[in-house]
Amino acid sequence: MLIEVALLRAFVTQIFVKAGCSSEESERIARHLASANLTGHDSHGVIRVPRYISWLKSGNLCAGQSLTVITETDVFAVVDGNRGFGQSIGEQAVQLGIEKSLNTGFSIIALRQSGHLGRIGDWAEMAVEAGLISIHFVNVAGSLLVAPFGGVSRRMSTNPVTIGVPIGKAEPLILDFATSRVAEGKVLVAATGGKPLPPDSLITGDGLPTGDPKALYGDADPTRTNDIRSGDGAIRAMGEHKGSGLALICEMLAGALTGGGCAGPDKPYILNGMLSIYINPNHLDVDQSFLQEAQDYIKFFKDSKPAEPGIDVLVPGDQERKRRADRTKNGIQLPDDVWFAIVDTAQEVGVTDFDIPTTRQ
Ligand code: NAD
C-alpha cells in the first residue's frame, strides 16, 4: 500500500480520536508516527498503531496526560509522564529542557513513566530547532528483548541513545540509534512481511545467531499482542561488549536514576525512561569558532574516499533527510500486513467512513 503522508496522518488521527484521545493529542500521535515513517524508521511509525490501541485498552497507556514535576530547579527537573502517550509527554519534557537551557545554558531532565517515546530523533530535532545540543539516554522498563554481550537470556530492551548537534544554518547532526543490533520495531517489520533482518541480529535460546523473528516472538502475532516474550531467544546487543555496556548505562541513567526503574520481568507496564541533557552552544563558544570548525570538519569527514565507489560517506541525519524528502513527495510504502492490521484496528475502534482502500484485493 503506497499512501500519501497527509492521508495517512488523517487516518491515524481518526483512529486515536475514536479510541478516546482528544483531536489535538491524536493529531500529535499521528504526526510523530508518520514522521518516523518519513525518515525511514518504519519500525517506529504507524506499524505501532495496533499496539498503542491495545496498550490504551489495557491501561499501559493513558490518554490526555501531562507531566508531573516531582522536583526542579532552574537547571534540572525530575518529571513523571503518568503513562501518557510519549508523543505528548515527550514534547512537554523536551520543551521544559529547552526553556531551562535557553535561560541557564544547560539543563537536565529526568523523565520517568512515559508512554513509548517513538523515534527519539524527533526530540533531538526539536532541541536543534531551538539551537540546542541534546543528549538522550532511554530505557524501557517492563521490556526484556536484548541479551547482554556473552549472554543469551534477555536482560534489557533496545535502549536508544540519541545526540543532536545544531550546526548554525547548515544541516544538524542527528545521531539516533538503538543499542541493540536492530530496533525491536525492525524485528516487527520483518515479522510482518517487511525488510528481512541481518542473519546474525538475533540469538536463539541455544545461543546460535539467527535473523528469524520467531526467536523473539515465537508464534505470537507481534502487532497484536502485549506479550512479545514468547520466543526463547533475544536480540543481540550492537557493537559486542561496547554496545552492551552502553545499553547498561541507559538502564542506569534512564531507569535507575530517573526513578522509572530498570528493565525486569516484574514491571507491570512497558514504559520509557529518558535522561536528557541540553546544552546551549552559545554559552561555551567563547571564541565564536564552533560553527566554522564544525562545518570544516564535517566537510573533511565526508570527503573521505568512498570505500565503495559512488556511495557517499554520510553523517548522522543525512539518511533521514534524504528519505523524508523522498517520502514526502512520493508517499509512504507500507507492507500489506501492516496496513491491514491498522485497518482492522480502525474498524475495531469504530472508524467507518474513510476514502482509502480498506479491503484486500
Ligand atoms: P539505525 O540503525 O537506522 O541507525 C540510525 C542512525 O545511523 C541515524 O543517526 C542515521 O542518520 C545514521 N546512519 C544511517 N545510515 C548511515 C550511514 N550510511 N552513514 C552514517 N550514518 C548513518 O537506527 P536503529 O538503531 O534501527 O533505531 C531506529 C529508531 O528506533 C531510532 O529512531 C530510535 O530512536 C528508535 N528507538 C526507540 C526506542 C524507544 O523505546 N522509544 C527503542 C529503540 C529504538
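Arginine 321 has a relative accessible area of 25% and therefore counts as partly exposed, a class that lies between buried (under 20%) and exposed (over 50%), judged with a 1.4 Å probe and protein chains only. The model is a predicted one, in which local features need pLDDT of at least 70 and side-chain atom pairs count only at pLDDT 80 or more, while totals for chains, interfaces and linings use all residues. Residues are numbered from 1 along each chain as its sequence is written, and side-chain values use heavy atoms, with hydrogens and water left out.

The side chain of arginine 321 meets that of aspartate 318 in a salt bridge, at 3.0 Å from N to O; a salt bridge here is a side-chain nitrogen of Lys or Arg within 4 Å of a carboxyl oxygen of Asp or Glu. Both residues lie in helix 11, three residues apart, which is about one turn of the helix; helices are DSSP runs of H or I with at least four residues, numbered from the N terminus. Aspartate 318 is buried, because its relative accessible area is 14%.

Glutamate 125 is partly exposed at 23% relative accessibility, and arginine 324 is partly exposed at 28%.

Conventions. Helix = DSSP H or I, 4+ residues; strand = E, 2+ residues; numbered from the N terminus.
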